[in-house]
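Subject: Structure for your review

Dear colleague,

Please find below the structure I am handing over to you, together with its sequence. My notes on strand pairing and on the pockets and cavity follow it.

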Amino acid sequence: MSGVAQRTVASDEDGMRLDRWFREHYPGLAFGALNKLLRKGSIRVDGGRVKSNARLEAGQVVRVPPLGEEAQMAAPPPRATPMSLEAQALADMTLFEDDKVLVLDKPFGLAIQGGPGLTKHLDGMLEALRDRQGRKPRLVHRLDRDTTGVVVVAKTKGAASALAASFRARSTCKIYWALVRGVPKPRQGRISSYLAKGEDAAGGGKERMRVAKHGDSGADHALTLYNVLDTAGQGLTWLSLRPVTGRTHQLRAHCNHIGHPIIGDPKYFDVENWNLPGGIQNRLHLHARRLVLPHPDGGRIDVTAPLPDHMAQSWNLLGFSTDGMGDDEGWDDEAAR
């Protein structure tokens, strides 16, 4: 048996739960035995009683009573383990990563957060990236389930606050690509309206945004800039979109509002007697193409996501070429004023 030990919490253990700290240092101590020692007051932090879920701070002193040799056995040396399926999927999606920020290319059909009937979503997948202190990366903004492209994730609490502040202050530049019905006129313009929550025309209580009037209950102002990049006859247009505000379904509702709904949109494409051209998949053709925003440590992040497979197929079919395409080509910032 050893005597009482006084162990100082290391800087890289700041924020770690006490039970996790014991698993790291005393892997042979059973969870039930740990709780018994805590209830008796045999284990203390800075001289005070604590519970197993207490968060430690760097520099605190943990009082460890005499423990049996089995409980004190050294932790096994780290060994390479196969990456989890979720971690591997996230690695495959990664467009940019450092110690503060993770930028992902979200695929079609993956929800950002959980909901009724959802067993897989991005927020749940991020559990696979918890660090030694138990901290999970945090989502900073959202994309609709069927919208593809750039999603930003903060890896620390401070980064989450800084990035969220950038989105609120509109100091980010978001560029989306979409395939829409018809050709908008003028070829570059702004869509300004108020949007409020409504109900899907198909019923079922599903959320659908409607164009509202200023002063209507729950109505928020929404502003979108658009730019025609290419057309295929008079039927289809490759549209670049810049949302100045960030309302729910803003781009989808705005495109429908001006009479040019996004191809494959199950909520807002309500044109009668219109058939999907052959070879184009009936999937939402809306892609978060590029995001430019301040980095929490200074400088900026500028990330671009490639077209998803179903949109790349449509682009090839329609003869749209992305070669040499600058995402900010042709934009007139005066349109935002």
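This is a predicted model: local features need pLDDT of at least 70, side-chain atom pairs count only at pLDDT 80 or more; totals for chains, interfaces and linings use all residues.

**Strand 5 and its partners**

Strand 5 and strand 7, the latter spanning residues 148-154, run antiparallel and are joined by 6 bridges.

Strand 5 also pairs with strand 4 (residues 94-97), again in the antiparallel sense, here over 3 bridges. Within that pairing, E97 is the residue opposite L102. The two strands make a hairpin, with 3 residues between strand 4 and strand 5.

The largest pocket has a volume of about 1,600 Å³. Its lining comprises 43 residues, and those nearest the centre of the pocket are R142, L143, D144, T248 and H249. Two or more lining residues come from each of helix 6 (157-168), strand 8 (173-181), strand 12 (236-243) and helix 7 (250-257). By class, this lining consists of 18 nonpolar, 11 polar and 14 charged residues.

The second largest pocket holds about 180 Å³ of space. Its lining has no nonpolar residues, the classes present being 5 polar and 6 charged. The residues concerned are G15, R55, Q133, G134, R135, K136, R138, K155, T156, K157 and G158.

**Cavity**

How many cavities of 30 Å³ or more are there? The count comes to 1. The largest cavity has a volume of about 50 Å³, and H141, V150, K174, I175, Y176, A288, R290 and L291 line it. Strand 8 and strand 13 (286-294) each contribute at least two residues to this lining. Strand 8 is also among the elements that give two or more residues to the lining of the largest pocket. The residues around the largest cavity divide into 5 nonpolar, 1 polar and 2 charged.

For reference while viewing the model, residues are numbered from 1 along each chain as its sequence is written.

Yours sincerely

Definitions and conventions. Side-chain values use heavy atoms; hydrogens and water are left out. On a 1 Å grid over the protein atoms alone, a cavity is a set of points where a 1.4 Å probe fits but cannot get out, and a pocket is an open set with protein on both sides within 12 Å along at least five of seven lines; lining residues have an atom within 4 Å of a point. Grid points are joined across faces, edges and corners, and a volume is the space filled by probe spheres set on the points. Helices (H or I, at least four residues) and strands (E, at least two) are DSSP runs, numbered from the N terminus. Ala, Val, Leu, Ile, Met, Phe, Trp, Tyr, Cys and Pro count as nonpolar, Asp, Glu, Lys and Arg as charged, and the others, Gly among them, as polar. Two strands pair if DSSP finds at least two bridges between them.
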